[in-house]
Amino acid sequence: MVGVSDGVRSPQASVAAGSQIGRPLLSLSLAAMMDEVHAHSGAVYLLTADEAVLEMAVMAGLPRAFAAPWERVGLSAPVPVAEALRSRRLVWVCGEEDMARRFPRIAVVLPYPFALAALPLATAHRAFGAVFVTWPGSHPPVLGKREREQLTAACGRLALRLERAAKDARPPQQEPDLLAAALTGVAGNLGTIEAARMVARLPYGLVSLDLHGRVAFANAAAADLLRTPVGELVGTHLWAAVPWLNDPLYEDRYRAALISQHVTSFVALRPPGEWLSFRLYPSTTGLSVRVTRARGVAQMTRETPRPDVGPSRLVSITQVLSLSAALTEAVGVQDVVQLVADEIVPTVGSQAVVLLGSQARRLHVLGHRGYPDPRLVERFDGTPLSERMPGTHVLTSGVPAFFESRQQLDRLYPEQSGVPGVFAAWAYLPLIASGRPVGICVFAYAEPHVFPADERAVLTSLAGLIAQALERALLFDAKYRLAHGLQEALLPRSLVPPPGIEAAARYLPATQGMEIGGDFYDLVPSRPLAAAVIGDVQGHNVTAAGLMGQIRTGVRAFASGGQTPGEVMGSTNRLLIDLGADLFASCLYLQLDPVHGRAVMARAGHPPPLLRRPDGRVRVLDLAGGPLLGIDAEASYPTTEVDHVPGSVLVLYTDGLIESPGVDIEDALAELGELLGRIGDGPLEPLADELVRQSAGARERVDDVALLLLRARGAGG
């Protein structure tokens, strides 16, 4: 049986303007859905008018506070309801471990055993929102076929009804949340006088909590153990009525019991020195709590939080945990901007955000989201910090500023009164990390917005989290620019192929780490025959890149001195050993002879090249070779001569092109050869793009990728 919650709910997303649907469509649909599959909680989300945010419209089974960090979520957020709508498919999370692996931000806030299914609310023509339902941790790890079919059908029906309502300009009305009807009353009123007498005679305390954690009943023994009169307990939260229970640890046990539907327990120290045991028995209607004296737990004194510590409230803790987990995933500055827009903007109820930094005593726009005209923000880029405006003042003073209306902003900063804008309230927050300002964050609101003291405190705290993430991101971006510049400087700016040869090359850095590595390629205009080289130095760091530059320079010098391919490889090997870098390198070097239609190659532990003949047949060239460069100073490198007639294409590559987790190298090489045979007669530049795009290694680059294509066109080509 469900009852109406008296909890405060956020403004609801609208499907269309106009008159409203007369019946509580969302609540009834959700309740029926949960009843069909025996779920114990659920929620319906609707897309906001701009279709960028999912907003919780109604929740059932559990208090809305349990899902507070996700009342508003960006459509790109890594949470099940957003993923379900993005992918237009059911998302199933089978338990605590699965949640931690796939949705770690939720697992940080709700580390309890429960299963969840999220489904899209969408028709063939339009998306409206999403739904989630949850089960206790005892649910089987696989969602049953019947459950899947019932949920899918129910969401399909609801989406069709929303579509019809939208066509008729009848958006859903605001609906209260649904909670199971909890047992209510006062001491002595349990339905029958005899039952009340029985409970009163028990030697231990009994307390009944509703789903919100409010005391609905307490017997005299409980009041005696808690040293709080029954009249002061009923109608209040247990942790609010009893000061020494006012700790997040104890409140967390209440949440764990309700979400998992498993019995939980804890012990608490009642001042000055007596321990009490609390055992919580959950159901879909609330919790029964047994309170007794605990024995033999004196040694736990140091492990239990002190009762005099004033804790934060539940929503504040979960919000901070969720947002902290999100911000730790940010790598670069743009990642921080996107995460703030996806995770924090919906949470604080703003509609846009700007991150600003400073460079050379001028404001620098790091990124923004939510502004319909980017010029409204970008005009501030390069503004001197000496100019009087809110952003410069907050950045230089480190003091936040809140403007509840446009009139207030214009009154305090009349210089800005003529500046156009579409927003009506702003929160300017300094981003302080390691004791210094790293930027400011500006939240913009579409309507006038009052900032009470508690909201200002929350925003200021969030600014601290953003500042730490931004400081890390700025450092990463600086290192990346340095690494990227070094990589570009060490690779050839352009390829100048010899007469009779057409060439194209590609380089892709690894997608992990600093995106710099030791892969290289080059065309050497040596005489009498030009040469080509490709190689891979061990490692993905500045040392590997620097060594790659030295090897490339050495190869050019040895080739220009008239050495044969085998001699060039041997000289380069000794150079690498003499440098004492303790790194190895693979390499493939070849002399090109377009006049006679041949190429002479030497190989040092490098992947075999591919040769596509003019008739479309592809061969993997099994070349003789020697060990990796940098291992044995006495190593020799035999050479192999291959045909390179007009129209044939040589494909030289590094192992990053064909290596990928879970993919067999032989299969990847065969796939590359099949693709080359099919499209290899086209222009080289598009061919290079396609080979990289469809290669196994390029899909998830754990290693650098270098590719060099050489097509013979004949002596007069």
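Q: What makes two strands pair?
A: DSSP must find at least two bridges between them. Strands themselves are DSSP runs of E, at least two residues long, and helices are runs of H or I, at least four long, all numbered from the N terminus.

Q: What kind of model is this?
A: This is a predicted model: local features need pLDDT of at least 70, side-chain atom pairs count only at pLDDT 80 or more, and totals for chains, interfaces and linings use all residues. Residues are numbered from 1 along each chain as its sequence is written, and side-chain values use heavy atoms, leaving out hydrogens and water.

Q: How many bridges join S16 to S17?
A: Three, and the two strands run antiparallel. Phe402 has Ala427 in S17 as its bridge partner.

Q: Where does S16 sit in the sheet?
A: The open sheet has five strands, ordered S15-S14-S18-S17-S16. S16 (401-403) is an edge strand, and so is S15 (362-369).

Q: Is Ser586 buried or exposed?
A: Buried, because its relative accessibility is 8%. Buried means under 20% relative accessible area, exposed over 50%, partly exposed in between (1.4 Å probe, protein chains only).

Q: What does Ser586 contact?
A: Its contacts (heavy atoms within 4.5 Å) beyond four places in sequence include Ile534, Asp536 and His606.
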